[in-house]
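Subject: Structure handover

Hello,

Here is the structure I promised to pass on. Please open it first, then read my notes beside it.

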Amino acid sequence: MSELLVGTKKGLFVLSGEDAGTYRITTRAFPGDVVEYATRDRRTGRYLASVTSGFYGPRLMFTDNPAGEWQRASGIAFAEGDDVSLVRIWKITPGEAEGQLWAGTDPAALWESRDGGETWSRNEALWKERIAGDWQPGGGGLAMHSICPWPGDPMKLAVGVSAAGVWITDDGGESWRTGFAGIVPDYMPEDARTDTNVLCIHNMHRAPARPERLFMQFHGGVYRSDDQGETWTDIHEGLPSPFGFPLVTDPADPDSAFLIPMTGAEDRVVPGGALAVFGTRDGGATWSRQGDGLPNEAYVTILRQALAREGEGDDLSLFFGATSGEVFGSTDAGRSWFTVAPRLAPVTSVRVA
Amino acid sequence: MPVVTLRAPLQGLAGGNRDLQIDGGTVGDVLRTLEATWPKTTGWILDEHGAVRRHVNVFRNGERVDETTSLGADDHLQVLPSITGGT
């Protein structure tokens with residue numbers, strides 16, 4: 001039995017099921033609000049959700065029972081002197097220290113909780129880098145959306161920012177360095193590509209079994225790093241497009257990554273309407289199309305956080321949701337697919353509880 | 001003392017109260033006291049800088065006002081979602 005947390009433009013849907021035809025909605029929370037992202041900290045069982053009201057603004061909520069009462073976390077807010085206001089909470093990720101969670105926001109800032117998500121404080125060292133570097137937003141805002149802890153080592157962390165590149169720390173966030181080398185921003189003039197920090201990271205995930213390895217979906221490129229994110233190699237050859245947003249890795253196999261390409265920046269739907277996940281099992285040397293059971297003539301968009309995984313290796317399951325409101329699942333690592341839910345609201349995120 | 005009228009979902013965050021008598025010299029004062037009295041309302045009407053949110057309208061005796069507006073003892077504040085909000 002899997003429990004899916006599906007964030008949508010019209011609330012959080014919790015679905016439970018095992019395989020085709022068995023998934024049912026067990027809970028809808030935050031009706032009418034955008035649920036940007038929802039996850040469950042498996043260490044504590046606590047659910048956390050990023051919720052944005054069109055009227056009353058963004059907030060981070062938590063609960064031990066998604067069908068019960070949710071409480072509002074405190075601390076994710078900008079001070080008077082910052083001259084910015086919170087727009088959206090993009091990502092919530094358990095850290096490696098006890099009770100530690102990380103959150104990333106728009107405007108781009110990294111936030112840390114040490115009490116399981118009830119209170120938060122900003123990482124000031126990275127905030128200073130933002131000010132000094134005059135970070136610029138991408139189309140979706142100035143977003144810190146990718147947070148990659150290093151399994152077993154709370155000192156090491158890599159984050160991805162749209163559009164301010166990859167940032168790496170080895171001292172728990174006391175200091176940060178860039179991971180820009182090898183990334184080619186083809187939306188910049190050729191003579192400005194090497195010096196720019198306007199690097200539009202779309203998604204980034206670590207390979208837990210080989211933590212120095214990261215995979216990245218860029219704004220026009222798919223990259224792999226084998227040195228903690230310091231340098232990057234383009235591995236998009238073999239994909240129908242270098243553009244997209246969703247990405248996951250397989251915890252058991254550091255050579256594996258899965259993504260869903262979109263046609264391009266000017267046409268953010270799946271190429272030719274042929275909905276498919278593309279996977280690699282050799283570090284990006286080759287890619288295979290995995291669309292058995294997915295619809296054709298499906299001109300849909302899959303957003304950044306809307307592809308999720310459960311399990312690993314031979315037991316890897318994949319789930320994703322589209323802006324059309326459909327959610328799809330695979331219990332055989334993407335080889336075959338079934339419909340989990342046909343008609344939800346536009347899907348912003350999918351995670352397995 | 002000014003009276004503040006709330007609608008759902010703010011009403012639910014303020015203990016189910018529709019009308020609240022809250023003292024204060026300005027709209028901002030009253031709304032901050034509302035947050036202090038009913039902490040679950042914190043951040044819903046005022047943003048982190050203390051300004052009325054862009055897609056929330058606050059009316060004093062039927063006239064749209066902001067957090068700096070002065071209040072008298074007999075004033076009536078209504079907090080309503082703006083038609084420009086929502087998704």
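What covers the buried residues of helix 2 of chain B? Keep that in mind while you get your bearings. One caution first: this is a predicted model.

**Helix 2 of chain B**

Start with the helix itself. Helix 2 of chain B covers residues 27-37. Val27(B), Val30(B), Leu31(B) and Leu34(B) are buried there. Looking down the helix axis, you will find the buried residues within an arc of 95°, so they line one face of helix 2 of chain B. Now the answer to the opening question. The cover over these residues includes strand 1 (3-5), strand 2, strand 3 (56-60), strand 4 (63-65) and strand 5 (76-81) of chain B.

**Chain B as a whole**

Chain B has 2 helices and 5 strands. Their order from the N terminus is β-α-β-α-β-β-β. The radius of gyration of chain B is 12 Å, and the globule rule gives 12 Å for 87 residues, so chain B is as compact as a globular protein of that length. Its C-alpha trace spans about 35 × 25 × 25 Å along the principal axes. Of the 87 residues in chain B, 28% are buried. Take the contacts in chain B with a separation of 6 or more: 48% of them are between residues 24 or more positions apart.

Find Gln21(B), which sits in strand 2 (residues 19-21) of chain B. Is Gln21(B) buried or exposed? Count its C-beta neighbours inside 10 Å. There are 10, so Gln21(B) counts as exposed; the cut-off for exposed is 12 or fewer. Leaving out residues up to four places away in sequence, Gln21(B) touches Met1(B) and Val3(B).

**Chain A**

Chain A contains 1 helix and 28 strands. Its radius of gyration is 19 Å, close to the 20 Å of the globule rule for 353 residues, so chain A is as compact as a globular protein of that length. The C-alpha trace of chain A spans about 50 × 50 × 35 Å along its principal axes. Buried residues make up 53% of the 353 in chain A. Among its contacts between residues at least 6 apart in sequence, 49% join residues at least 24 apart.

**Strands in chain A**

Strands of a sheet pair through backbone hydrogen bonds, either parallel or antiparallel. In chain A, 4 strands form an open sheet in the order 20-21-22-23, with antiparallel pairing. Strand 20 (243-250) and strand 23 (288-290) of chain A are its edges, each pairing on one side only. Neighbouring strands of this sheet are turned by 30° against each other on average, direction ignored. Strand 20 pairs with strand 21 (residues 253-262) of chain A over 6 bridges. There, Gly244(A) stands opposite Pro261(A).

Next, go to strand 28 (residues 347-352) of chain A. 5 of its 6 residues are buried, so strand 28 is largely enclosed by the rest of the structure. It runs antiparallel to strand 1 (residues 2-8) of chain A, and 5 bridges join the two. Gly7(A) has Ser349(A) as its bridge partner in strand 28.

**Where the chains meet**

How many residues of chain B are in contact with chain A? The count is 14, and they contact 13 residues of chain A. The chain B side has 3 nonpolar, 7 polar and 4 charged residues.

Best wishes

Key: Residues are numbered from 1 along each chain as its sequence is written. Chains are lettered from A and ligands numbered from 1 in the order in which they are written. This is a predicted model: local features need pLDDT of at least 70, side-chain atom pairs count only at pLDDT 80 or more; totals for chains, interfaces and linings use all residues. Two residues are in contact if their C-beta atoms, placed from the backbone, lie within 7 Å. Ala, Val, Leu, Ile, Met, Phe, Trp, Tyr, Cys and Pro count as nonpolar, Asp, Glu, Lys and Arg as charged, and the others, Gly among them, as polar. A residue is buried if 20 or more other C-beta atoms lie within 10 Å of its own, exposed if 12 or fewer, and partly exposed in between; C-beta atoms are placed from the backbone. The arc is that of the directions from the helix axis to the C-beta atoms. The radius of gyration is taken over C-alpha atoms; the globule rule is 2.2 Å times the number of residues to the power 0.38. Two strands pair if DSSP finds at least two bridges between them. Axes are lines fitted to C-alpha atoms, for helices over the stretch in contact, and angles run from 0 to 180 degrees between N-to-C directions.
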